[in-house]
Amino acid sequence: MFKIGITGNIGSGKTTVCKVFEVLGIPVFYSDLHAKLVMVEDKELVAGIKQAFGNEAYAADQSLNRKHIADIVFNNQQQLEKLNALVHPAVFRAFDKWVIQQKNTPYVLKETAILFESGSYKMCDRNILVSAPLENRVQRVMQRDGVTAQEVINRDSRQLSEEKKLTMADDVIINDDTQLVIPQVLRLHKLYLSIAADK
Ligand SMILES: CC(C)(COP(=O)(O)OP(=O)(O)OC[C@H]1O[C@@H](n2cnc3c(N)ncnc32)[C@H](O)[C@@H]1O)[C@@H](O)C(=O)NCCC(=O)NCCS
Ligand SMILES: Nc1ncnc2c1ncn2[C@@H]1O[C@H](COP(=O)(O)OP(=O)(O)OP(=O)(O)O)[C@@H](O)[C@H]1O
């Protein structure tokens with residue numbers, strides 16, 4: 001299967017861009033969603049998270065206490081790395097299973113916030129960066145999630161910089177409210193169809 005990774009720093013619009021690819025019929029694996037699923041379904045992982053972040057990591061109904069975990073990991077790099085080391089192998093396995101189920105498609109997308117940080121870009125044939133200035137991203141996330149600018153900046157500071165990611169990406173979609181997104185997606189879609197046809 002021809003696999004395309006897609007990423008972007010917080011609020012860049014990667015999920016929004018993925019929705020356009022979905023309209024074109026391309027299946028998208030949303031790593032965040034799968035991470036949240038395995039964090040409640042995988043018993044071994046649940047035990048590991050409780051051991052690392054305390055029983056408060058889960059509510060009484062066993063749902064994930066995202067605020068508790070976020071407060072710890074987005075204020076401490078070591079704790080974030082601990083969480084990543086627990087969660088990412090399970091998400092990688094979920095992706096491998098999901099890919100096998102995708103039939104009759106020229107390619108698939110893997111959307112993940114930390115494609116380059118986690119090394120999962122190496123398992124994709126090409127990688128897209130959705131890029132937007134920090135000011136745009138902060139405004140978008142404040143509006144979407146009702147959080148403060150500082151909270152968004154905190155999370156952004158735990159991710160590789162856009163400058164670094166620009167040097168690692170094969171393709172870039174600029175989502176800075178000045179350029180149209182759909183024509184950029186269509187151009188890449190055409191490129192991927194032609195690469196897939198040559199494979
Ligand atoms: C810490 C958690 C519980 C906070 O949940 P919350 O609903 O507040 O945030 P959500 O998951 O929607 O993430 C929002 C944004 O935060 C940033 N973010 C999330 N996880 C990470 C991470 N491991 N490293 C850096 N940034 C991250 C991304 O920009 C992401 O898009 C959650 O982010 C989580 O479980 N993270 C670990 C799993 C993971 O790495 N997911 C990312 C891709 S697999
Ligand atoms: N081109 C755009 N025009 C209008 N609104 C946009 C555009 N791109 C993104 N947004 C809005 O900005 C917010 C952030 O976009 P989105 O959720 O796609 O980003 P993300 O990169 O997936 O974010 P996160 O890293 O937080 O998961 C959303 O509310 C979305 O609707």
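In which loop does serine 12 lie? Serine 12 lies in the loop between β1 (3-7) and α1 (14-23). The legends below describe a predicted model, in which local features need pLDDT of at least 70, side-chain atom pairs count only at pLDDT 80 or more, and totals for chains, interfaces and linings use all residues. Residues are numbered from 1 along each chain as its sequence is written, while chains are lettered from A and ligands numbered from 1 in the order in which they are written.

**View 1. The loop between β1 and α1, with serine 12 and glycine 13.** Helices (H or I, at least four residues) and strands (E, at least two) are DSSP runs, numbered from the N terminus. The UniProt record, an unreviewed entry, places the feature "binding site" at Gly11, Ser12, Gly13, Lys14, Thr15 and Thr16; such annotations may be inferred rather than shown by experiment. Serine 12 is buried, because 29 other C-beta atoms lie within 10 Å. A residue is buried if 20 or more other C-beta atoms, placed from the backbone, lie within 10 Å of its own, exposed if 12 or fewer, and partly exposed in between. Glycine 13 is buried too, with 21 such atoms within 10 Å. Two residues are in contact if their C-beta atoms, placed from the backbone, lie within 7 Å. Leaving aside neighbours within four places in sequence, serine 12 is in contact with Val130, Ser131, Ala132, Arg137 and Asn175, and glycine 13 with Gly8, Val130, Ala132 and Asn175.

**View 2. Serine 131 in strand β4.** Serine 131 counts as buried because it has 21 C-beta neighbours inside 10 Å. Beyond neighbours within four places in sequence, the contacts of serine 131 include Gly8, Ser12, Glu162 and Asn175.

**View 3. The shell around ligand 1.** A residue is near a molecule if its C-beta atom, placed from the backbone, lies within 6 Å of it. Ligand 1 is surrounded by 20 residues, and the closest are Ile10, Ser31, Ala35, Arg66 and Ala113. Two or more residues each come from α2 (31-41), α4 (66-73) and α5 (77-101). The largest share, five residues, belongs to α5. The shell holds 12 nonpolar, four polar and four charged residues. Ala, Val, Leu, Ile, Met, Phe, Trp, Tyr, Cys and Pro count as nonpolar, Asp, Glu, Lys and Arg as charged, and the others, Gly among them, as polar.

**View 4. The buried face of α2.** Ser31, His34, Ala35 and Met39 are the buried residues of α2. They line one face of the helix, because they fall within an arc of 140° seen down its axis; the arc is that of the directions from the helix axis to the C-beta atoms. Their cover includes β2 (28-30), α3 (43-53), α5 and β3 (108-111).

**View 5. The shell around ligand 2.** Of the 14 residues around ligand 2, Gly13, Thr15, Thr16, Arg140 and Arg144 come nearest. The elements giving two or more residues are α1 and α7 (134-145). Four residues of this shell are nonpolar, seven polar and three charged.

**View 6. The largest nonpolar core.** A nonpolar core is a set of buried Ala, Val, Leu, Ile, Met, Phe, Trp, Tyr and Cys residues joined through C-beta atoms within 7 Å. Among the 21 residues of the largest one, Ile4, Ile6, Val17, Phe21, Leu109, Ile128 and Val130 touch the most other members. Another core, of 10 residues, lies apart from it and includes Ile49, Phe53, Val87 and Val91.
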